[in-house]
Amino acid sequence: MGNVLAASAPPPPSPPPPISGLLPNLEKPDSSVESHTSNGTSDTLENPGTIEELNKKCKGVFPTNFEGAKLMFNKGLSHHFQISHTISMSSFTQSGYRFGATYVGTHQLAPSEAYPVLLGDIDPSGNLNATILHQFGQRIKGKLATQVQKSKFTAVQMVTDYLGDAYTISMALGNPDVLNGSGLLVMHYLQSITPSLALGGELAYQRGPAVPGGQLAVLSAAGRYTNGDSTISGSLGSAGCLVCFHQKASQQLQVGVELEINCKLQESTGTIAYQIDLPKADLVFKGSVDTNWTVAAVLEKKLQPLPFTFALSGMINHDKQQFRLGCGLIIG
């Protein structure tokens, strides 16, 4: 989920594009939905969004690296349906061909938000990633994600969000197995205290034969403070803490800083990242460096007037003496 303290059983990922910006933004809005004015403090306080999105601004600055070569072709068949063909070659991840499809429904909530949304991809071996997003009414959102590997369901995640006037309640269920009595249950609560401050907490409960003692519960606190173009957010629990800072220095430059402390492993990692946008040149550059001497960068360039986007990725790890280089081309 949005908290590293409950990451013992990660949910299945949505079908990830090999390069950032390949698919339309189909996830939930960045921070909040339009407030429902009634009485009391809800006239001035907005919905704070979900804890899963708490560090989204900072995480969005970090480069998404890939290795090898990727070729992706996007084709919109209508206003609601899009398909994609992806060919990848890599020595670190699975190579081959994947077919993807995205359907966006007709229930329009905002200029860039419509439901239901169905997206997924599949390879020639039948390995499938699929996600369904839908909004029920004005306040309830649901998400179902599943992953099939070698004709078996390897991961399932179900998420429900209730969006109140100035708070959000979320519940997620991962890999439920009624017969063996195993699975992961995560509950979130996030409340807007002031227009700039939101506080909440997370309770993660995991049960299964692989868990020490048969069951495990982790409680952590989370919060976000916004002041103009600056945002600081993070979470704190018995397993460690995560602190993120995001600063929009100008229209072209954004900076993100992340500090992660893991008490169980007794280690900490600090990372600084930046993003440079040059709209006139149709160019986006992201870079980062951390305390483990890992340097990473991604460059994306739109080749106008052709509908092509070229991406170049590089990462160097001085401690492990690793160097990874990747290039990709998006058509459509």
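Is Ala311 buried or exposed, and what is its relative accessible area? Ala311 is buried, with a relative accessible area of 0%; buried means under 20% relative accessible area, exposed over 50%, and partly exposed in between, with a 1.4 Å probe and protein chains only. This residue lies in strand E18, which covers residues 308–317. The C-alpha atoms of Ala311 and Leu329 are 6.3 Å apart, although 18 residues separate the two along the chain.

The structure is a predicted model, in which local features need pLDDT of at least 70 and side-chain atom pairs count only at pLDDT 80 or more, while totals for chains, interfaces and linings use all residues. Residues are numbered from 1 along each chain as its sequence is written, and side-chain values use heavy atoms, with hydrogens and water left out. The predictor's confidence in each residue, pLDDT, runs from 0 to 100. Its mean over the protein chain is 86, and 87% of the residues reach 70 or more. Over residues 1–42 pLDDT stays under 50. Where pLDDT is low, the predicted coordinates should not be read in detail. For residues 1–42 the model has 107 contacts beyond four places in sequence, a contact being heavy atoms within 4.5 Å.

The protein chain contains one helix and 19 strands; these are DSSP runs numbered from the N terminus, with helices (H or I) of at least four residues and strands (E) of at least two. Of its 332 residues, 38% count as buried. Among contacts between residues at least 6 apart in sequence, 36% join residues at least 24 apart. The accessible surface comes to about 18,100 Å², and 62% of that area belongs to carbon and sulfur atoms; the areas come from the Shrake-Rupley method with a 1.4 Å probe.

The largest nonpolar core has six residues: Cys58, Val61, Phe62, Leu242, Cys244 and Ala273. Such a core is a set of buried Ala, Val, Leu, Ile, Met, Phe, Trp, Tyr and Cys residues joined through side-chain atoms within 4.5 Å. Leaving aside residues up to four places away in sequence, Ala273 touches Val61, Phe62, Gln254, Val255, Gly256, Gly287 and Ser288.

Zero disulfides are found in a search of the whole structure, a disulfide being a pair of cysteine sulfur atoms within 2.5 Å. Cys244 is in no disulfide, and the nearest cysteine sulfur, that of Cys58, is 4.2 Å away. Cys244 counts as buried because its relative accessibility is 1%. Cys263 counts as partly exposed, at 43% relative accessibility. Its closest cysteine sulfur, in Cys241, is 7.0 Å away, too far for a bond.
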